[in-house]
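Here are some notes for a colleague opening this structure for the first time. Please read them with the model on screen.

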Amino acid sequence: ERSVELSHFGVHFSPFFYLLLPLYYVFRSPVYLIWAQAVSVALGVFPVFHICKKLGLSGKVTLAFELIYSFYPCLFNGCFYDFHENKFLTTIILFLFYFILCEKRWLTYAFSLLLLSVKEDAAIYLIVIALFVLFNAKKSENKTFIQKYLDGFVMLSMALIYFVIANKVVASLGTEGVMMWRLSDYFVNGEESYFSVLKGIIFNVGHLLSQMFTAEKFPFLIWMFLPLMFTPFMQKQVSSLILLLPVIPINLMQSWQYQYDIDYQYTYGVAALIIFCALIGVKNLKGNTKRVALLMSLIMCATISTHVISPKIANNLSYEKNYGAVTKDIDKMLREIEKDKSVTASHYIMPHLYVIEEIYTVPDYYKELEQTDYYVVDTRYADGVEEMTRAMGDDYTLVSSSSFVEVYKRNY
């Protein structure tokens, strides 16, 4: 990664990936990863079902929320993009809420650690969940107030300690540290640190608000809350709204445009929090108000998801029809490249070369291209082709081609 031999922990601290490794030994393909994350998102219907039961919601309301979850556009829409650890957040967070409601201490702690293992900034979600537990701690049949308060304190401590450790690991193993540049709008005196960002927020709240509520970010809020008819805000206890706070640092504060776009992976953690808040909000509603809210939410989710997903499905089907055979021929050609050779390839060709031990991408935003054993050129896009041609010079010979892909081998 980053064009050097680099542990992924130098980019994101994601021990969670090791849980995917056993089955990867069986299904050694990028396709397995795509299926794994899709299955993970789909599994979220189970904690939703159990949370509904725990909250005492009726069978009809439970079924409605199962369908709402299944068609919530801010969840499965991102599965049409790439593989990313963020997409495992939703189901983990929802199961964590279920175990909190069931007062299962050790399962709560276990899923807290599982949540943290996904990514260094997952600590933000656990912090607000821990605060939710602390603010809503009260005596029950199984636990005293002190025991519940202790659970919240332990979860909060886990999140804070893990956040510090994870950031230090990324900083020590990586070339850039954590991606602080996405919060560069809040740096004070050019100091790149979380403390500097905090100072920038405290001493210039107006600037924070102007960055959060822009014309580009307002539609993101509509995408996230309109399909649920704003039920996450219908809380009897205002303290429950603390669960919605991660929307600010994860999405609205960021200058990276993908953070506030439902086509990508940055919705999955906050989506789980929003859905749980919607469950609590609907529980607080009565009679016709509850029925209307659920019916409208179902209609909105179905309508919006159809609008968002239909073009993508049509595009995929069209591509398979027009290029399916071509792609198979290209894959057959690429399999002739020796696994132990170094390869430089155009961006969209890289997943098809996953068996290659040493592979570099083009365009490369981190350093100049070097000569490798092979160059694989995607002629459909001009981006990077000139750079590859310059790097190859006269030292390479075209050895094979299929449709829009050309393979060049270095002369020895």
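Where is the place of Val26? Val26 sits in helix H1, residues 21-26. Helices here are DSSP runs of H or I with at least four residues, numbered from the N terminus (strands are E runs of at least two).

This is a predicted model: local features need pLDDT of at least 70, side-chain atom pairs count only at pLDDT 80 or more, and totals for chains, interfaces and linings use all residues. Residues are numbered from 1 along each chain as its sequence is written, and side-chain values use heavy atoms, with hydrogens and water left out.

1. **A nonpolar patch.** Val26 is exposed, because its relative accessibility is 57%. The cut-offs are these: buried is under 20% relative accessible area, exposed is over 50%, and partly exposed is in between (1.4 Å probe, protein chains only). Val26 belongs to a nonpolar surface patch of about 650 Å². Patches take residues with over 30% relative accessible area and no salt bridge; nonpolar side chains (Val, Leu, Ile, Met, Phe, Trp, Tyr) are joined within 5 Å, like charges within 9 Å. Accessible areas come from the Shrake-Rupley method with a 1.4 Å probe, and for residues only the protein chains shown count as cover.

2. **H3 against H4.** Look at helix H3 (residues 45-54) and helix H4 (residues 59-71). Their axes come within 9 Å and cross at roughly 150°. The two helices are therefore roughly antiparallel. Axes are lines fitted to C-alpha atoms, for helices over the stretch in contact, and angles run from 0 to 180 degrees between N-to-C directions. Angles under 35 degrees count as roughly parallel, over 145 as roughly antiparallel, 65 to 115 as roughly perpendicular, and the rest as oblique. H3 passes H4 in a right-handed crossing. A crossing is right-handed if the near helix is turned clockwise from the far one by less than a right angle, and left-handed if anticlockwise.

3. **Phe46, on H3.** Phe46 is in helix H3. Phe46 is partly exposed, because its relative accessible area is 45%. Thr91 is 45 residues from Phe46 along the chain. Their C-alpha atoms are separated by 8.5 Å.

4. **H6 against H7.** These helices pack at an angle of about 160°, with axes 9 Å apart. H6 and H7 are therefore roughly antiparallel. H6 passes H7 in a left-handed crossing. The loop between helix H6 (89-101) and H7 holds Glu103. Phi of Glu103 is near 60°, a positive value in a residue other than glycine. Glu103 counts as buried because its relative accessible area is 17%.

5. **Leu115, on H7.** Buried or exposed: which is Leu115? Leu115 is buried, because its relative accessibility is 0%. Leu115 lies in helix H7. His50 is 65 residues from Leu115 in sequence. In space the two are 19 Å apart, C-alpha to C-alpha.

6. **Salt bridges.** How many salt bridges does a search of the whole structure find? The search finds six. The criterion is a side-chain nitrogen of Lys or Arg within 4 Å of a carboxyl oxygen of Asp or Glu. One of the six joins Asp82 and Lys87, at 3.9 Å from N to O. Asp82 is partly exposed because its relative accessibility is 32%. Lys87 is buried, because its relative accessible area is 0%.

7. **A bridge from H9 to H7.** Asp151 forms a salt bridge with Arg105, the closest N and O atoms being 2.9 Å apart. The pair links distant parts of the chain, 46 residues apart: Asp151 is in helix H9 (residues 145-173) and Arg105 in helix H7 (residues 105-116). Asp151 is buried because its relative accessible area is 7%. Arg105 is partly exposed, because its value is 25%.

8. Asp263 and Lys312 meet in a salt bridge, 2.9 Å from N to O. This pair also links distant parts of the chain, 49 residues apart. Asp263 is in the loop between helix H13 (247-252) and helix H14 (268-284), while Lys312 is in helix H15 (residues 287-334). Asp263 is partly exposed because its relative accessible area is 27%. Lys312 is partly exposed because its relative accessibility is 23%.
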